[in-house]
Structures are given as C-alpha cells and as structure tokens.
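Hello,

Here is the structure I said I would pass on. Please look it over before reading my notes.

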Amino acid sequence: MVASTNITGSYLDQGSFNYDDLTSVRFGDVEGLHVFLFENGRQHQVFYEQLADRNILITKYPLYDADPSNLDDWLFVHNDEHQRIASELNLPNPFNLLDSDWNVEDDFYNWMSIHVTMHQQIEEALTA
Ligand SMILES: [Zn+2]
C-alpha cells in the first residue's frame, strides 16, 4: 500500500494526493472504482494546471466521467493523457496502459500498480 504524501506548490497546497485511493480499488468493485476515478481525475486536473503554468498545454479529457460498464473510451483517453504528460516531462514511459485487460484480474492489479507509479513520477517531476 502506498501512503499519501503532502507536497507543496501553488495548486498542490490545496490538498495532498491520496495514493491509497488510486490503489485500494478491488477487482470488480464498482464503488471502489468511483473512488479511484474521482481521485485520479483530481490528480490529472492538477497535472494539467501545473503543466499549463509552464505553458505546456495538453488535451484535457473529462476523466471524472466514466461508465463502469463501458470503460474502453475512458481507458483510451486516460492513456493518451499519460503518454502526453510523460513525453512533455521526459519521463520513462515504457508501459502502454492499454496493454492490460481490465477483465482479467491479474492484469487489473498490474495496471493499478503501474499507474500509481506513473502518478508518483509525474508528481516528482512537477515538484522538482
Ligand atoms: Zn492517471
């Protein structure tokens, strides 16, 4: 389990990133998925604003909105944001988040653990 961290910065002062909410969702748990989607959407909004402060504008998708019964579109645009953020920040991004199948339990947990690592790398890059 990954602990929450407090980070400083103009936008990040408003709250800490809750990494527990990015990792605690269980396979097939729709309620937990909503918690995940909310926290993930919030963090992506902070990333977007931090990049905009550096005059880097990426396409912003409405990541809060997702239909748990049909996540293909969400998975696609979310992955797209991650690829763009990683390339703008020169982060190593060897993993394509679309290569995991959320209908397969092991893939799902694998995705979650790689994804939270990506968020932590972005946070580090933005606060460096
Ligand atoms: Zn994300």
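This is a predicted model: local features need pLDDT of at least 70, side-chain atom pairs count only at pLDDT 80 or more; totals for chains, interfaces and linings use all residues.

Residues are numbered from 1 along each chain as its sequence is written.

Helices are DSSP runs (H or I, at least four residues), numbered from the N terminus. The expected span of a helix is 1.5 Å times one less than its number of residues.

Start with α2 (30-53). Its 24 residues should span 34 Å, and the end C-alpha atoms are 35 Å apart, which agrees. Buried here means 20 or more other C-beta atoms within 10 Å of a residue's own; exposed means 12 or fewer; partly exposed is in between; C-beta atoms are placed from the backbone. The buried residues of α2 include Leu 37, Phe 47 and Tyr 48. They pack against α1, α3 and α4, with contact set at C-beta atoms, placed from the backbone, within 7 Å.

Now α4 (residues 105-127). Its 23 residues should span 33 Å; the end C-alpha atoms lie 34 Å apart, in agreement. Buried in α4 are His 115, His 119, Ile 122, Glu 123 and Leu 126. These pack against α1 (20-23), α2 and α3 (72-88).

Two loop residues remain. Most residues other than glycine have a negative phi. Asn 55, in the loop between α2 and α3, has a positive phi near 60°. Asn 55 counts as exposed because it has 6 C-beta neighbours inside 10 Å. Asn 90 sits in the loop between α3 and α4. Its phi is also positive, about 55°. With 8 C-beta neighbours inside 10 Å, Asn 90 counts as exposed.

Best wishes

Methods
Two residues are in contact if their C-beta atoms, placed from the backbone, lie within 7 Å.
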